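Please study the sequence and the structure before working through each solution.

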Amino acid sequence: MNPAKVLAYLERERTTEITLPATILKALPDDPSAMLTDLSNLKTIRYHGEKLDLHWPPIELVHAEEDVPEPKTEEQDWTTAVEAVRTFSNAALQAMRDALPHIETVLPQQEHVLERWHKALENPGGASWDEAEEAWRAATGGTGTIEYARRCANHLPQLFSGEVDPTTLMFPEGRMDLADALYRENVMGRYQHATVAAVVRALDRPLRIIEIGAGTGATTEHVLGNLHPLTDYLITDVSRYFVDQAGKRFPGNRYGTFDIDADGQDPGEFDVVIAGGVLNAAKDTDASLKRLKDLMAEQGWLIISEPTVEEPWVLMSQAFLMAKPTDARKSSTFLTHDQWREALRSQFELVLDLPHEDHPLHALGHRVFVARKDKR
Ligand SMILES: C[S@@+](CC[C@H](N)C(=O)[O-])C[C@H]1O[C@@H](n2cnc3c(N)ncnc32)[C@H](O)[C@@H]1O
(Lines give C-alpha, C1' and ligand atoms only; values in the text may rest on other atoms or scores of the structure.)
Protein backbone atom coordinates (compact mmCIF):
# COMPACT_ATOMS: atom_id res chain seq x y z
CA MET A 1 0.00 0.00 0.00
CA ASN A 2 2.21 2.85 -1.16
CA PRO A 3 1.05 6.49 -0.84
CA ALA A 4 0.94 7.11 -4.61
CA LYS A 5 -1.33 4.10 -5.09
CA VAL A 6 -3.62 5.28 -2.29
CA LEU A 7 -3.87 8.78 -3.79
CA ALA A 8 -4.63 7.38 -7.25
CA TYR A 9 -7.35 5.19 -5.74
CA LEU A 10 -8.94 8.09 -3.83
CA GLU A 11 -9.08 10.23 -6.97
CA ARG A 12 -10.32 7.44 -9.25
CA GLU A 13 -13.04 6.24 -6.87
CA ARG A 14 -14.02 9.78 -5.77
CA THR A 15 -13.89 8.44 -2.23
CA THR A 16 -15.51 10.61 0.45
CA GLU A 17 -14.31 8.67 3.53
CA ILE A 18 -11.54 6.17 4.09
CA THR A 19 -9.70 4.50 6.98
CA LEU A 20 -5.91 4.21 6.71
CA PRO A 21 -2.92 3.17 8.80
CA ALA A 22 -1.29 6.19 10.49
CA THR A 23 2.03 5.66 8.73
CA ILE A 24 0.39 5.72 5.29
CA LEU A 25 -1.71 8.81 6.11
CA LYS A 26 1.40 10.59 7.37
CA ALA A 27 3.13 10.07 4.01
CA LEU A 28 0.20 11.22 1.81
CA PRO A 29 0.48 15.06 1.91
CA ASP A 30 4.22 14.92 1.12
CA ASP A 31 3.96 12.43 -1.70
CA PRO A 32 5.06 14.02 -5.01
CA SER A 33 1.75 13.01 -6.63
CA ALA A 34 -0.40 14.66 -3.89
CA MET A 35 -0.34 18.11 -5.53
CA LEU A 36 -1.58 16.67 -8.82
CA THR A 37 -4.32 14.52 -7.28
CA ASP A 38 -7.91 15.72 -7.20
CA LEU A 39 -9.11 14.94 -3.67
CA SER A 40 -12.08 17.32 -3.78
CA ASN A 41 -14.50 14.51 -2.88
CA LEU A 42 -12.54 13.39 0.17
CA LYS A 43 -14.11 14.68 3.39
CA THR A 44 -12.75 12.42 6.15
CA ILE A 45 -9.79 10.14 6.78
CA ARG A 46 -9.99 7.93 9.83
CA TYR A 47 -6.72 6.42 10.90
CA HIS A 48 -5.38 3.74 13.23
CA GLY A 49 -2.07 3.51 15.00
CA GLU A 50 0.02 6.33 16.43
CA LYS A 51 -1.81 9.64 17.05
CA LEU A 52 -0.55 12.21 14.56
CA ASP A 53 -0.04 15.93 14.90
CA LEU A 54 -1.17 16.45 11.31
CA HIS A 55 -3.69 18.83 9.71
CA TRP A 56 -4.76 18.60 6.12
CA PRO A 57 -7.63 21.05 5.59
CA PRO A 58 -10.28 20.77 4.35
CA ILE A 59 -9.98 17.00 4.98
CA GLU A 60 -10.96 16.03 8.50
CA LEU A 61 -8.52 13.58 10.14
CA VAL A 62 -9.98 11.40 12.86
CA HIS A 63 -7.88 9.16 15.08
CA ALA A 64 -10.01 6.05 15.62
CA GLU A 65 -9.81 3.23 18.13
CA GLU A 66 -10.51 -0.17 16.66
CA ASP A 67 -12.02 -3.33 18.05
CA VAL A 68 -12.82 -6.70 16.52
CA PRO A 69 -16.20 -8.20 17.28
CA GLU A 70 -16.29 -11.90 17.96
CA PRO A 71 -16.92 -13.67 14.67
CA LYS A 72 -20.06 -15.77 14.39
CA THR A 73 -19.45 -19.38 13.39
CA GLU A 74 -21.82 -21.55 11.39
CA GLU A 75 -24.44 -23.41 13.39
CA GLN A 76 -23.92 -27.07 12.57
CA ASP A 77 -23.78 -30.52 14.11
CA TRP A 78 -20.13 -31.21 14.89
CA THR A 79 -20.67 -34.64 16.54
CA THR A 80 -19.49 -36.76 13.57
CA ALA A 81 -16.45 -34.53 13.11
CA VAL A 82 -15.41 -34.70 16.77
CA GLU A 83 -15.86 -38.48 16.74
CA ALA A 84 -13.73 -38.78 13.57
CA VAL A 85 -10.88 -36.87 15.22
CA ARG A 86 -11.05 -39.22 18.22
CA THR A 87 -10.99 -42.35 16.04
CA PHE A 88 -8.06 -40.92 14.08
CA SER A 89 -6.16 -40.27 17.33
CA ASN A 90 -6.85 -43.82 18.46
CA ALA A 91 -5.60 -45.30 15.16
CA ALA A 92 -2.41 -43.23 15.53
CA LEU A 93 -1.90 -44.51 19.08
CA GLN A 94 -2.39 -48.07 17.86
CA ALA A 95 0.20 -47.56 15.09
CA MET A 96 2.71 -46.17 17.59
CA ARG A 97 2.12 -49.06 20.00
CA ASP A 98 2.58 -51.60 17.18
CA ALA A 99 5.77 -49.90 15.94
CA LEU A 100 7.45 -49.49 19.32
CA PRO A 101 9.07 -52.97 19.53
CA HIS A 102 10.59 -52.46 16.04
CA ILE A 103 12.31 -49.16 16.79
CA GLU A 104 16.05 -49.84 17.06
CA THR A 105 18.01 -46.79 15.90
CA VAL A 106 16.94 -43.30 16.94
CA LEU A 107 18.59 -40.18 15.50
CA PRO A 108 19.60 -37.73 18.26
CA GLN A 109 17.21 -35.08 16.80
CA GLN A 110 14.31 -37.54 17.13
CA GLU A 111 14.96 -38.67 20.71
CA HIS A 112 12.48 -36.16 22.12
CA VAL A 113 9.79 -37.55 19.78
CA LEU A 114 10.27 -41.02 21.26
CA GLU A 115 9.96 -39.59 24.78
CA ARG A 116 6.67 -38.00 23.78
CA TRP A 117 5.46 -41.30 22.37
CA HIS A 118 5.97 -42.96 25.74
CA LYS A 119 3.93 -40.25 27.40
CA ALA A 120 1.16 -40.40 24.75
CA LEU A 121 0.98 -44.19 24.99
CA GLU A 122 -0.16 -43.94 28.60
CA ASN A 123 -3.51 -43.42 26.85
CA PRO A 124 -4.83 -46.94 26.16
CA GLY A 125 -6.85 -45.92 23.05
CA GLY A 126 -6.72 -47.91 19.85
CA ALA A 127 -8.52 -48.23 16.49
CA SER A 128 -7.78 -49.62 13.03
CA TRP A 129 -6.89 -47.43 10.06
CA ASP A 130 -10.00 -48.70 8.26
CA GLU A 131 -12.19 -47.47 11.12
CA ALA A 132 -10.37 -44.14 11.10
CA GLU A 133 -10.74 -43.79 7.34
CA GLU A 134 -14.45 -44.54 7.42
CA ALA A 135 -15.13 -42.06 10.22
CA TRP A 136 -12.95 -39.42 8.55
CA ARG A 137 -14.65 -39.80 5.18
CA ALA A 138 -18.09 -39.56 6.82
CA ALA A 139 -17.09 -36.36 8.61
CA THR A 140 -15.00 -34.59 5.98
CA GLY A 141 -15.74 -36.18 2.60
CA GLY A 142 -12.01 -36.84 2.05
CA THR A 143 -9.32 -39.33 3.07
CA GLY A 144 -6.02 -37.60 2.18
CA THR A 145 -5.13 -36.97 5.83
CA ILE A 146 -5.59 -40.64 6.70
CA GLU A 147 -3.65 -41.70 3.61
CA TYR A 148 -0.74 -39.50 4.73
CA ALA A 149 -0.85 -40.85 8.30
CA ARG A 150 -1.00 -44.42 6.97
CA ARG A 151 2.05 -43.81 4.81
CA CYS A 152 3.92 -42.62 7.92
CA ALA A 153 2.62 -45.56 9.96
CA ASN A 154 4.24 -47.93 7.45
CA HIS A 155 7.68 -46.37 8.01
CA LEU A 156 7.86 -45.47 11.70
CA PRO A 157 11.14 -47.28 12.61
CA GLN A 158 12.74 -45.80 9.44
CA LEU A 159 11.57 -42.29 10.38
CA PHE A 160 13.36 -42.62 13.72
CA SER A 161 16.53 -44.02 12.13
CA GLY A 162 16.62 -41.49 9.29
CA GLU A 163 16.35 -44.16 6.56
CA VAL A 164 13.16 -42.47 5.30
CA ASP A 165 12.95 -38.71 4.70
CA PRO A 166 9.64 -37.49 6.24
CA THR A 167 9.07 -34.93 3.46
CA THR A 168 8.81 -37.71 0.86
CA LEU A 169 5.84 -39.11 2.77
CA MET A 170 4.00 -35.79 2.64
CA PHE A 171 4.86 -35.02 -0.99
CA PRO A 172 4.87 -38.40 -2.81
CA GLU A 173 6.51 -37.88 -6.23
CA GLY A 174 6.44 -34.15 -5.47
CA ARG A 175 2.62 -34.12 -5.36
CA MET A 176 0.83 -31.55 -3.16
CA ASP A 177 -2.51 -33.36 -2.76
CA LEU A 178 -1.76 -35.01 0.61
CA ALA A 179 -0.38 -31.77 2.09
CA ASP A 180 -3.40 -29.91 0.70
CA ALA A 181 -5.76 -32.41 2.31
CA LEU A 182 -3.96 -32.17 5.63
CA TYR A 183 -4.76 -28.48 6.04
CA ARG A 184 -8.23 -28.54 4.50
CA GLU A 185 -10.05 -31.70 5.61
CA ASN A 186 -9.64 -31.37 9.35
CA VAL A 187 -12.69 -29.88 11.02
CA MET A 188 -10.55 -27.82 13.37
CA GLY A 189 -8.62 -26.46 10.42
CA ARG A 190 -11.87 -25.45 8.77
CA TYR A 191 -13.09 -23.76 11.93
CA GLN A 192 -9.78 -21.95 12.32
CA HIS A 193 -9.53 -20.77 8.72
CA ALA A 194 -13.10 -19.45 8.79
CA THR A 195 -12.50 -17.69 12.11
CA VAL A 196 -9.22 -16.07 11.02
CA ALA A 197 -10.89 -14.88 7.79
CA ALA A 198 -13.88 -13.49 9.72
CA VAL A 199 -11.62 -11.52 12.06
CA VAL A 200 -9.72 -9.97 9.14
CA ARG A 201 -12.97 -9.13 7.36
CA ALA A 202 -14.35 -7.49 10.50
CA LEU A 203 -11.49 -4.98 10.40
CA ASP A 204 -13.07 -3.78 7.13
CA ARG A 205 -10.46 -1.27 5.95
CA PRO A 206 -7.39 -1.24 3.69
CA LEU A 207 -4.86 -3.41 5.50
CA ARG A 208 -1.23 -4.31 5.21
CA ILE A 209 -1.24 -8.04 5.91
CA ILE A 210 1.63 -10.49 6.23
CA GLU A 211 0.90 -14.18 6.48
CA ILE A 212 3.58 -16.31 8.12
CA GLY A 213 3.96 -20.04 7.33
CA ALA A 214 1.29 -19.81 4.65
CA GLY A 215 2.25 -23.30 3.43
CA THR A 216 -0.36 -24.77 1.12
CA GLY A 217 -2.49 -21.64 1.42
CA ALA A 218 -5.40 -23.20 3.31
CA THR A 219 -5.71 -20.11 5.52
CA THR A 220 -4.79 -17.74 2.67
CA GLU A 221 -7.61 -18.87 0.42
CA HIS A 222 -10.16 -18.15 3.16
CA VAL A 223 -8.76 -14.73 3.99
CA LEU A 224 -8.32 -13.47 0.42
CA GLY A 225 -11.47 -12.27 -1.26
CA ASN A 226 -13.78 -9.47 -0.10
CA LEU A 227 -10.79 -7.50 1.15
CA HIS A 228 -10.54 -3.76 0.47
CA PRO A 229 -8.95 -3.18 -2.99
CA LEU A 230 -6.08 -1.24 -1.39
CA THR A 231 -5.18 -4.17 0.85
CA ASP A 232 -1.61 -5.34 0.49
CA TYR A 233 -1.11 -9.06 1.19
CA LEU A 234 2.36 -10.54 1.61
CA ILE A 235 2.31 -14.34 1.59
CA THR A 236 5.36 -15.94 3.23
CA ASP A 237 6.76 -19.27 4.30
CA VAL A 238 10.21 -20.49 5.29
CA SER A 239 10.06 -22.89 2.34
CA ARG A 240 10.83 -21.45 -1.11
CA TYR A 241 8.77 -24.31 -2.59
CA PHE A 242 5.60 -23.16 -0.80
CA VAL A 243 6.28 -19.52 -1.69
CA ASP A 244 6.61 -20.41 -5.39
CA GLN A 245 3.39 -22.45 -5.22
CA ALA A 246 1.61 -19.51 -3.56
CA GLY A 247 2.71 -17.27 -6.45
CA LYS A 248 0.92 -19.60 -8.85
CA ARG A 249 -2.14 -20.16 -6.67
CA PHE A 250 -2.77 -16.60 -5.56
CA PRO A 251 -1.62 -14.27 -8.34
CA GLY A 252 -1.69 -10.53 -7.72
CA ASN A 253 -0.29 -10.57 -4.18
CA ARG A 254 3.24 -10.26 -2.83
CA TYR A 255 5.36 -13.28 -1.87
CA GLY A 256 8.57 -13.90 0.01
CA THR A 257 10.36 -16.09 2.50
CA PHE A 258 10.13 -15.37 6.21
CA ASP A 259 11.63 -17.52 8.95
CA ILE A 260 10.13 -17.21 12.45
CA ASP A 261 13.44 -18.43 13.89
CA ALA A 262 15.71 -15.89 12.18
CA ASP A 263 16.67 -12.32 13.08
CA GLY A 264 17.53 -9.59 10.59
CA GLN A 265 14.53 -9.86 8.22
CA ASP A 266 12.71 -6.63 7.40
CA PRO A 267 9.69 -7.17 5.18
CA GLY A 268 8.01 -3.91 6.31
CA GLU A 269 5.25 -2.71 8.64
CA PHE A 270 1.91 -4.49 8.87
CA ASP A 271 -1.54 -3.93 10.38
CA VAL A 272 -2.23 -7.64 10.57
CA VAL A 273 0.08 -10.62 11.08
CA ILE A 274 -1.53 -14.00 10.41
CA ALA A 275 0.26 -17.12 11.63
CA GLY A 276 -1.87 -20.22 11.02
CA GLY A 277 -0.46 -23.35 12.63
CA VAL A 278 3.14 -22.23 12.23
CA LEU A 279 4.26 -20.95 15.63
CA ASN A 280 4.51 -24.49 16.95
CA ALA A 281 7.45 -24.87 14.55
CA ALA A 282 9.34 -22.12 16.41
CA LYS A 283 12.45 -23.10 18.30
CA ASP A 284 11.67 -20.47 20.92
CA THR A 285 8.07 -19.22 21.00
CA ASP A 286 8.76 -15.99 22.93
CA ALA A 287 11.56 -15.00 20.54
CA SER A 288 9.35 -15.72 17.50
CA LEU A 289 6.45 -13.73 18.99
CA LYS A 290 8.85 -10.82 19.48
CA ARG A 291 9.90 -11.05 15.81
CA LEU A 292 6.24 -10.93 14.77
CA LYS A 293 5.60 -8.00 17.11
CA ASP A 294 8.44 -6.11 15.44
CA LEU A 295 6.59 -6.42 12.11
CA MET A 296 3.45 -4.81 13.48
CA ALA A 297 2.26 -1.22 13.36
CA GLU A 298 1.23 0.30 16.68
CA GLN A 299 -2.16 -1.21 17.65
CA GLY A 300 -1.67 -3.87 14.94
CA TRP A 301 -3.34 -7.27 15.11
CA LEU A 302 -1.80 -10.71 15.54
CA ILE A 303 -4.07 -13.60 14.56
CA ILE A 304 -2.78 -17.08 15.25
CA SER A 305 -4.21 -20.57 15.28
CA GLU A 306 -2.60 -23.38 17.23
CA PRO A 307 -3.25 -26.83 18.70
CA THR A 308 -2.81 -26.81 22.48
CA VAL A 309 -3.03 -30.53 23.26
CA GLU A 310 -0.90 -33.45 22.14
CA GLU A 311 -2.08 -34.91 18.81
CA PRO A 312 -1.14 -38.58 18.47
CA TRP A 313 -1.29 -38.41 14.66
CA VAL A 314 1.17 -35.49 14.63
CA LEU A 315 3.52 -37.49 16.87
CA MET A 316 3.72 -40.24 14.25
CA SER A 317 3.95 -37.96 11.20
CA GLN A 318 4.76 -34.24 11.19
CA ALA A 319 6.72 -34.47 14.46
CA PHE A 320 9.61 -35.87 12.38
CA LEU A 321 9.67 -32.62 10.39
CA MET A 322 9.76 -30.29 13.40
CA ALA A 323 12.90 -28.98 15.07
CA LYS A 324 13.36 -29.70 18.78
CA PRO A 325 12.11 -26.66 20.69
CA THR A 326 14.19 -24.89 23.31
CA ASP A 327 11.23 -23.29 25.16
CA ALA A 328 8.56 -24.53 27.61
CA ARG A 329 7.67 -27.52 25.39
CA LYS A 330 9.96 -29.98 27.13
CA SER A 331 7.73 -33.04 26.96
CA SER A 332 4.98 -31.92 24.58
CA THR A 333 4.72 -30.89 20.94
CA PHE A 334 2.52 -27.86 21.60
CA LEU A 335 2.26 -25.19 24.26
CA THR A 336 -0.81 -25.71 26.44
CA HIS A 337 -3.72 -23.28 26.39
CA ASP A 338 -2.49 -21.62 29.58
CA GLN A 339 1.08 -21.40 28.27
CA TRP A 340 -0.20 -19.70 25.11
CA ARG A 341 -2.23 -17.18 27.08
CA GLU A 342 0.79 -16.38 29.19
CA ALA A 343 3.14 -16.12 26.19
CA LEU A 344 0.76 -13.76 24.38
CA ARG A 345 -0.05 -11.63 27.42
CA SER A 346 3.60 -11.06 28.17
CA GLN A 347 4.00 -9.20 24.86
CA PHE A 348 0.49 -8.27 23.66
CA GLU A 349 -3.02 -7.45 24.76
CA LEU A 350 -4.98 -10.70 24.34
CA VAL A 351 -8.32 -9.80 22.75
CA LEU A 352 -9.99 -13.02 21.58
CA ASP A 353 -9.44 -16.65 22.60
CA LEU A 354 -11.74 -18.98 20.64
CA PRO A 355 -13.70 -21.25 20.58
CA HIS A 356 -15.54 -20.66 23.85
CA GLU A 357 -16.00 -23.41 26.42
CA ASP A 358 -19.57 -24.15 25.33
CA HIS A 359 -18.56 -24.66 21.68
CA PRO A 360 -18.60 -28.33 20.54
CA LEU A 361 -15.05 -28.00 19.16
CA HIS A 362 -13.62 -26.61 22.39
CA ALA A 363 -12.75 -30.10 23.63
CA LEU A 364 -10.41 -30.71 20.67
CA GLY A 365 -8.00 -28.12 22.06
CA HIS A 366 -7.31 -26.05 18.94
CA ARG A 367 -7.35 -22.31 19.49
CA VAL A 368 -7.60 -19.08 17.54
CA PHE A 369 -6.00 -16.19 19.44
CA VAL A 370 -6.33 -12.55 18.45
CA ALA A 371 -3.89 -10.20 20.15
CA ARG A 372 -3.13 -6.51 19.74
CA LYS A 373 0.19 -4.75 19.91
CA ASP A 374 -0.34 -2.18 22.61
CA LYS A 375 1.47 1.11 23.08
CA ARG A 376 4.05 -0.24 25.54
C1 LIG B 1 1.19 -26.60 9.79
S2 LIG B 1 1.80 -25.80 8.38
C3 LIG B 1 0.75 -24.41 8.25
C4 LIG B 1 -0.27 -24.59 7.27
C5 LIG B 1 -0.65 -23.38 6.51
N6 LIG B 1 -1.07 -22.27 7.37
C7 LIG B 1 -1.72 -23.79 5.55
O8 LIG B 1 -2.81 -23.26 5.65
O9 LIG B 1 -1.45 -24.64 4.69
C10 LIG B 1 3.24 -25.03 8.93
C11 LIG B 1 3.91 -24.17 7.87
O12 LIG B 1 4.94 -23.46 8.54
C13 LIG B 1 6.09 -23.46 7.72
N14 LIG B 1 7.25 -23.30 8.61
C15 LIG B 1 7.94 -24.26 9.27
N16 LIG B 1 8.96 -23.72 9.95
C17 LIG B 1 8.92 -22.38 9.72
C18 LIG B 1 9.73 -21.28 10.12
N19 LIG B 1 10.81 -21.46 10.89
N20 LIG B 1 9.39 -20.04 9.69
C21 LIG B 1 8.33 -19.86 8.89
N22 LIG B 1 7.53 -20.87 8.46
C23 LIG B 1 7.82 -22.11 8.86
C24 LIG B 1 6.05 -24.78 6.99
O25 LIG B 1 6.80 -24.71 5.79
C26 LIG B 1 4.56 -24.96 6.75
O27 LIG B 1 4.15 -24.43 5.53
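**Exercise 1.** Identify the ring over which the charged end of Lys-293 sits.

Solution. In this predicted model, the charged end of Lys-293 lies over the ring of Phe-348, at 5.7 Å from the ring centre.

**Exercise 2.** Classify the aromatic pair formed by Tyr-241 and Phe-242, and state how accessible each residue is.

Solution. Step 1: a search of the whole structure gives nine aromatic pairs. Step 2: one of them joins Tyr-241 and Phe-242, with 5.9 Å between centres and 50 degrees between planes. Step 3: stacked pairs have planes under 30 degrees apart and edge-to-face pairs over 60, the rest being tilted; the pair of Tyr-241 and Phe-242 is therefore tilted. Step 4: Tyr-241 has a relative accessible area of 35% and is partly exposed, whereas Phe-242, at 14%, is buried.

**Exercise 3.** Classify the pair of Trp-340 and Phe-369 and locate its two residues.

Solution. Step 1: the ring centres are 6.1 Å apart and the planes meet at 35 degrees, so the pair of Trp-340 and Phe-369 is tilted. Step 2: Trp-340 belongs to helix α15 and Phe-369 to strand β10; the two residues are 29 residues apart, and their pair links distant parts of the chain. Step 3: both Trp-340 and Phe-369 are buried.

**Exercise 4.** Where is Glu-173 found, and is this residue buried or exposed?

Solution. Step 1: Glu-173 is in the loop between α8 and α9. Step 2: its phi is positive, near 50 degrees, although Glu-173 is not a glycine. Step 3: exposed means over 50% relative accessible area; Glu-173 reaches 71% and is therefore exposed.

Terms used: Residues numbered from 1 in each chain as written. Predicted model: local features only at pLDDT ≥ 70, side-chain atom pairs only at ≥ 80, totals over all residues. Heavy atoms only, no water. Phe/Tyr/Trp six-rings, centres within 6.5 Å; stacked < 30°, edge-to-face > 60°. Buried < 20%, exposed > 50% of the residue type's maximum accessible area, 1.4 Å probe, protein only. Helix = DSSP H or I, 4+ residues; strand = E, 2+ residues; numbered from the N terminus. Lys NZ or Arg CZ within 6 Å of the ring centre and 35° of its normal.
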